[in-house]
Number of protein chains: 2
Amino acid sequence: MPDADQMSAVIDAYAACFSAADKDGWLALWADDATMEDPIGTPLKKGRGEIGEFWDQSQGMADSIKIIPGDLRVIAGDEVAWSGEIRPTMGGTEFVMQVIELWRFTDGPDGAPLIAEMRAFWDPAAMRPA
Amino acid sequence: MPDADQMSAVIDAYAACFSAADKDGWLALWADDATMEDPIGTPLKKGRGEIGEFWDQSQGMADSIKIIPGDLRVIAGDEVAWSGEIRPTMGGTEFVMQVIELWRFTDGPDGAPLIAEMRAFWDPAAMRPA
């Protein structure tokens, strides 16, 4: 069973890597066979290859994207639910959307938790200038 | 596919019925074969009978329980993620916990959306006086 503090640290690392455009650091947080649905309703990405393509597409759509977890993160077993903000900057303007994320973890080869499943609830239509 | 405004109205009705201790009104929001995991990590309740037992146990543990949805609710397809507060009053003292809920809806017999699956992320250890 993944450790709660380590799971929480992965959320912070995820946000830090995404915000710093550190693709390798970000990809290292995922299990090899992880799945991602971001946002809900889009096709499921399976495995680090497709998840890496998601990174390229996402980062390509914006000058930069900040992810800012809020104070609310509930860890239960191998799952965590957290809410926060996605702040893309496009054409020099920063926008903001609220997000609720559901993650499931698995133990990585060295025992540290890796993201096995990620589902992100946010609505592109709710994006507004920050 | 359930209607987004109707799904959102079910969240408000759920909170209103729970806060008003209206068991019949609350039970009517669920599909017959719905499942509930509240909080995550506890045994899954299956069907309106077991969900009704959950009601009796929950309401029996407190003088009253208010559920207060926050502003954040993201509707995607037949799913909704929302966050808010659970405020039980026990022994005359009101407590508060934050919650993230994940719901999936199904179309009811009259076309109105019913809750088919509910997963509630909250941590009993995080309860504090309001």
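Modeller: Start with a term: a polar contact is a pair of N or O atoms within 3.5 Å, where one must be able to donate a hydrogen and the other to accept it. In this predicted model, the rule finds two residue pairs in polar contact across the interface of chain A and chain B.

Biologist: Which elements of chain A supply the side that touches chain B?

Modeller: β3 (64-76), β4 (79-90), β5 (93-107) and β6 (113-121) of chain A each supply at least two residues. β4(A) gives the largest share, five residues.

Biologist: Why is the pair R119(A) and E79(B) called a salt bridge?

Modeller: The cut-off is 4 Å from a side-chain nitrogen of Lys or Arg to a carboxyl oxygen of Asp or Glu. R119(A) and E79(B) meet at 2.6 Å, N to O, so the pair qualifies.

Biologist: How much area is buried between chain A and chain B?

Modeller: About 1,400 Å², with 77% from carbon and sulfur atoms. L72(A), I100(A) and F121(A) supply 38% of what chain A buries against chain B, more than any other three residues.

Biologist: Why is A21(A) called partly exposed?

Modeller: Buried means under 20% relative accessible area, and exposed means over 50%. A21(A) has 49%, so it falls in between. Its phi is near 55 degrees, a positive value in a residue other than glycine. Most residues other than glycine have a negative phi.

Biologist: What is the peptide bond from D38(A) to P39(A), cis or trans?

Modeller: It is cis, with omega near -5 degrees. P39(A) sits in the loop between β1 (30-37) and β2 (45-46) of chain A.

Definitions and conventions: Residues are numbered from 1 along each chain as its sequence is written. Chains are lettered from A and ligands numbered from 1 in the order in which they are written. This is a predicted model: local features need pLDDT of at least 70, side-chain atom pairs count only at pLDDT 80 or more; totals for chains, interfaces and linings use all residues. Side-chain values use heavy atoms; hydrogens and water are left out. Buried area is the accessible area (1.4 Å probe) that two parts lose on being put together, summed over both. A polar contact is a pair of N or O atoms within 3.5 Å; within protein, one must be able to donate a hydrogen and the other to accept it, and residues adjacent in sequence count only if both atoms are side-chain atoms. Helices (H or I, at least four residues) and strands (E, at least two) are DSSP runs, numbered from the N terminus. Buried means under 20% relative accessible area, exposed over 50%, partly exposed in between (1.4 Å probe, protein chains only).
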